[in-house]
Amino acid sequence: MTSGIRPIDVLLQRAAVRGHQRAPSDSKEFHEVTKRDALRLLENEVDRLLQTTESARRPALQAEMGRFADLFGRFLQEEGPSLDWNKIQKLPENAVMDYTNLKSPKNEQIRLMLDKLVVIKLNGGLGTSMGCHGPKSVIPVRSDLTFLDLTVQQIEHLNKTYDANVPLIHTFNQSCFPRISREHFLPVAKDFDVEKDMEAWYPPGHGDFYDTFRNSGLLKKFLCEGREYCFLSNIDNLGATVDLNILNKLVGEERATTPPEFVMEVTDKTRADVKGGTLIQMENKLRLLEIAQVPPEHVDDFKSVKTFKFFNTNNIWANLSAIDRVLRERTLNMEIIVNNKTLENGLRVIQLETAVGSAMKCFDGAIGINVPRSRFLPVKKSSDLLLVMSNLYTLKSGSLVMSPQRMFPTTPLVKLGENHFSKVKEFLGRFANIPDIIELDHLTVSGDVTFGRGVSLRGTVIIIANHGDRIDIPAGAILENKIVSGNMRILDH
């Protein structure tokens, strides 16, 4: 959850100051009453907001706000991190399969398998951390092709190659929930005109996928068509292509008598992934553990590469009938992530979110599959963009394939300075073209640095321009195991 004083504690303190003191024996009961009051006040405010929109839209919005109120009610009931660290069990041997043990399907089986699949791409955040406006899916990645263009190419190639009809372009919107003031614990929105005041609203995380997928009518449509599984991934992860070996495990020749209802692709954790979600066993169920759920005293344990070897790629395969079942039976219970934000006007708010992978524990026979790192190529920062735009990868039918000239299967560790490289437009302006990084192991760039055309970076390269200085790497320069300092001295690393 979140550290420090929660808004509910503030609410309780204020109630006490106003003279509503209770004897110690009554404190628990008083706590519950105050929580009910907080929920009732919020529901009243949500009802008021609903009255500001057209009557035709109200039924759908009322259902959406009902889910928001449920989430808020659950948030009120939870105290501190939603996990008892001492209940974590050792992962069973069969909890995570090794990808190399999966078998490839026979060619004549592939089209039949693909007929049972739906591909779903999460459109991604707004790319604001990279200086972009609008969904991340429309950021150009290679040759002016966006994430969305590449995704469409991948599916078109798949369908053409195997004479299949895997659906992709059916769009649906996730929910839009009101941000809550941390001071008075009520929505900051004045009315339901989201476009007018975008800052007052937020998408409640990708855990909202399940409800909105069903409410869009697409879940029912695909079940009626005989589809069995969906493959869900982030659109900015260019390694998340349809994998026929995993699909074979679920619906092909290698399917078990009772195939897993939920598969999470994980990969080996490195020191760059220490904050990523990991798999644990708890109460005899496999589940996702996010850093936000970890008690403060165990954060270092969570980050340990030895203790938790895997991390979640957010590539997920889920059985459509099972999704329908957990929604109907109301057994879908995902941990709440409390995201603290400060708006441009200085107002401190919280937004309550859920993660799609945390539904894992609600499904039967869930497993992890330890996949190669090549299936996890996310673009969260400009340093990631540098990698996917470089000659480290070639583009093949919408998929990025690592160059055979790369001697190691791992990608270089790239750190670009926040002040000069974090925004996409400025990042692109600092490179005449993207350097050759086939032989690069580690790159750190800090300060006002530009790169000429045809630069090659090899081994470990560190370039640091001191405040007020500027470094221009000349065209055609080859930097191998070099430290370039503020006065343009080039030293052996």
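**Reading the model**

A: Buried means under 20% relative accessible area, exposed over 50%, and partly exposed in between, with a 1.4 Å probe and protein chains only. This is a predicted model, in which local features need pLDDT of at least 70 and side-chain atom pairs count only at pLDDT 80 or more, while totals for chains, interfaces and linings use all residues. Residues are numbered from 1 along each chain as its sequence is written, and side-chain values use heavy atoms, with hydrogens and water left out.

Q: Where does His206 lie, and which residues is it in contact with, leaving aside its neighbours within four places in sequence?

A: Helices (H or I, at least four residues) and strands (E, at least two) are DSSP runs, numbered from the N terminus. His206 lies in the loop between β8 and α6 (209-215). Contact means heavy atoms within 4.5 Å. Beyond neighbours within four places in sequence, His206 is in contact with Leu122, Asn234, Asn314, Thr354, Ala355 and Val356.

Q: Which feature does UniProt place at His206?

A: UniProt positions are given in the numbering used here, feature names are shortened, and annotations may be inferred rather than shown by experiment. An unreviewed UniProt entry places the feature "binding site" at His206. The feature "binding site" is also placed by UniProt (unreviewed entry) at Lys136, Gln174, Gly205, Asp236 and Lys380.

Q: Are Lys136 and Lys380 buried or partly exposed?

A: Lys136 counts as buried because its relative accessibility is 9%. Lys380 counts as partly exposed because its value is 37%. As for position, Lys136 is in the loop between β3 (117-122) and β4 (140-142), and Lys380 is in the loop between β16 (367-370) and α11.

Q: How many residues of α11 are buried?

A: Helix α11 (residues 382-389) is mostly covered, with seven of its eight residues buried. The buried residues in α11 are Ser382, Ser383, Asp384, Leu385, Leu386, Leu387 and Val388.

Q: How do I describe two helices that meet, such as α4 and α8?

A: Axes are lines fitted to C-alpha atoms, for helices over the stretch in contact, and angles run from 0 to 180 degrees between N-to-C directions. Angles under 35 degrees count as roughly parallel, over 145 as roughly antiparallel, 65 to 115 as roughly perpendicular and the rest as oblique. The axes of α4 (residues 107-114) and α8 (residues 244-251) come within 10 Å and cross at roughly 75 degrees. Therefore α4 and α8 are roughly perpendicular to each other. On the α4 side the contact is made by Ile110, Met113 and Leu114, and on the α8 side by Leu244, Leu247, Asn248 and Val251. By class, the contact of α4 with α8 has six nonpolar, one polar and no charged residues. Here Ala, Val, Leu, Ile, Met, Phe, Trp, Tyr, Cys and Pro count as nonpolar, Asp, Glu, Lys and Arg as charged, and the others, Gly among them, as polar.

Q: What should I look for in phi?

A: Most residues other than glycine have a negative phi. Phe185 has a phi near 70 degrees, a positive value in a residue other than glycine. Phe185 is in the loop between β7 (180-181) and β8 (201-202), and counts as buried because its relative accessibility is 2%. Ser397, also not a glycine, has a positive phi of about 55 degrees. Ser397 lies in the loop between β17 (393-396) and β18 (399-402), and is partly exposed, with a relative accessible area of 29%.

Q: How many helices and strands are in the chain, and how many of its residues count as buried?

A: The chain has 13 helices and 25 strands. Of its 493 residues, 50% count as buried. Among contacts between residues at least 6 apart in sequence, 69% join residues at least 24 apart.
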